[in-house]
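Here is a brief report on one protein chain.

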Amino acid sequence: MRRPPPLKSGDRIRLVAPARKVSRAEMQPALDQIKAWGFEAFYTADLWAEENQFAGADEVRIRDFQAALDDPKCKAILCARGGYASLRLIDFLPFDDLKKHPKWSAFSKQILNRSVFNYLSMSAIAARSSSSSFNVKLIRSRLNSSISRP
C-alpha cells in the first residue's frame, strides 16, 4: 500500500462534496477545526452547489473532485458527505496524476474514494459516523497517524 507523505502544518486540505449536498452551517465546525490544526482548509463554491438532494449536477461534482485531484498544493481530500451518487462520477475521473502525486483522502463510508484508492493500492482514511455529515473527531483520530511531528 502506497502512502502519501505525512501532513504538516500549512498543508492544504481540500473539501469536496461528491454526493449529497451540504450547507455552510454543517461544514463550519470542520473548517474551523482544520484551521485550528494548522492546515489550510480549501474549497470552491462548488462545495455549496445544490441540485435536488445532490451537491450539484454530476458535471459540477466531477469538476470539483477532479480539481482536487489535480491541485498540486492539495495534500489531502476530505469528502464532506458520502453516498451512492459518488459512484456516478467514477467513470469520468482520470486518476493518472494521483499515482504521481499521492494525496490523503478521508471519507465517511465514501464509496468513490474507497473504491478508487483501493484500486490504486493507495492509503486512505476511513471514519465511520452515525451522522451523515463530516465528523471532525473521527477524521482527526485517523489523521493523527498521518501528521508529521516536529
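## Cysteines

The structure contains zero disulfides, a disulfide being a pair of cysteine sulfur atoms within 2.5 Å. C74 is buried, at a relative accessible area of 2%. C79 is buried too, at 5% relative accessibility. Buried means under 20% relative accessible area, exposed means over 50%, and partly exposed lies in between (1.4 Å probe, protein chains only).

This is a predicted model: local features need pLDDT of at least 70, side-chain atom pairs count only at pLDDT 80 or more, and totals for chains, interfaces and linings use all residues. Residues are numbered from 1 along each chain as its sequence is written, and side-chain values use heavy atoms, with hydrogens and water left out.

## Overall layout

The protein chain has five helices and five strands. From the N terminus on, the order is β-α-β-α-β-α-β-α-β-α. Helices (H or I, at least four residues) and strands (E, at least two) are DSSP runs, numbered from the N terminus.

Of the 150 residues of the protein chain, 49% count as buried. The chain exposes about 7,600 Å², and carbon and sulfur atoms supply 51% of that area. Accessible areas come from the Shrake-Rupley method with a 1.4 Å probe; for residues, only the protein chains shown count as cover. Take the contacts in the protein chain with a separation of 6 or more: residues 24 or more positions apart account for 72% of them. Contact means heavy atoms within 4.5 Å.

## Salt bridges

Side chains of opposite charge can pair when their charged atoms come close. How many salt bridges are there? The count comes to eight. The rule asks for a side-chain nitrogen of Lys or Arg within 4 Å of a carboxyl oxygen of Asp or Glu.

R12 pairs with E40, with the closest N and O atoms 3.2 Å apart. This pair links distant parts of the chain: R12 sits in strand β1 (residues 12-16), E40 in strand β2 (residues 40-42), and they are 28 residues apart. R12 is buried, with a relative accessible area of 11%. E40 is partly exposed, at 31% relative accessibility.

## The R14 pairs

R14 forms a salt bridge with D64, the closest N and O atoms being 3.8 Å apart. D64 lies in helix α2 (residues 58-70) and R14 in strand β1, so the pair ties together parts that are 50 residues apart in sequence. Both D64 and R14 are buried.

R14 also meets D71 in a salt bridge (3.2 Å, N to O). Here too the pair links distant parts of the chain: D71 is in the loop between α2 and β3 (74-79), R14 is in strand β1, and the two are 57 residues apart. D71 is buried at 9% relative accessibility, and R14 is buried at 5%. Salt bridges that share partners join R12, R14, E40, D64 and D71 into one network.

What does D71 touch, leaving out residues up to four places away in sequence? The partners are R12, R14 and K103. A polar atom of the D71 side chain also lies 2.9 Å from the backbone nitrogen of K73.

## Nonpolar cores

The largest nonpolar core has 19 residues. Those with the most contacts inside it are I13, L15, V22, M27, I34 and L47. A nonpolar core is a set of buried Ala, Val, Leu, Ile, Met, Phe, Trp, Tyr and Cys residues joined through side-chain atoms within 4.5 Å. Elements β1, α1 (24-36) and β3 each supply at least two residues of this core. The largest share, four residues, comes from α1. I34 is in contact with I13, L15, F39, E40, A41 and L78, leaving aside its neighbours within four places in sequence. Apart from this core lies another, of 11 residues, among them F65, I77, C79 and L89.

## F39

Where does F39 lie? F39 is in the loop between α1 and β2. Is F39 buried or exposed? At 5% relative accessibility, F39 counts as buried. F39 and S9 are 30 residues apart in sequence and 5.5 Å apart in space, C-alpha to C-alpha.

Conventions: A polar contact is a pair of N or O atoms within 3.5 Å; within protein, one must be able to donate a hydrogen and the other to accept it, and residues adjacent in sequence count only if both atoms are side-chain atoms.
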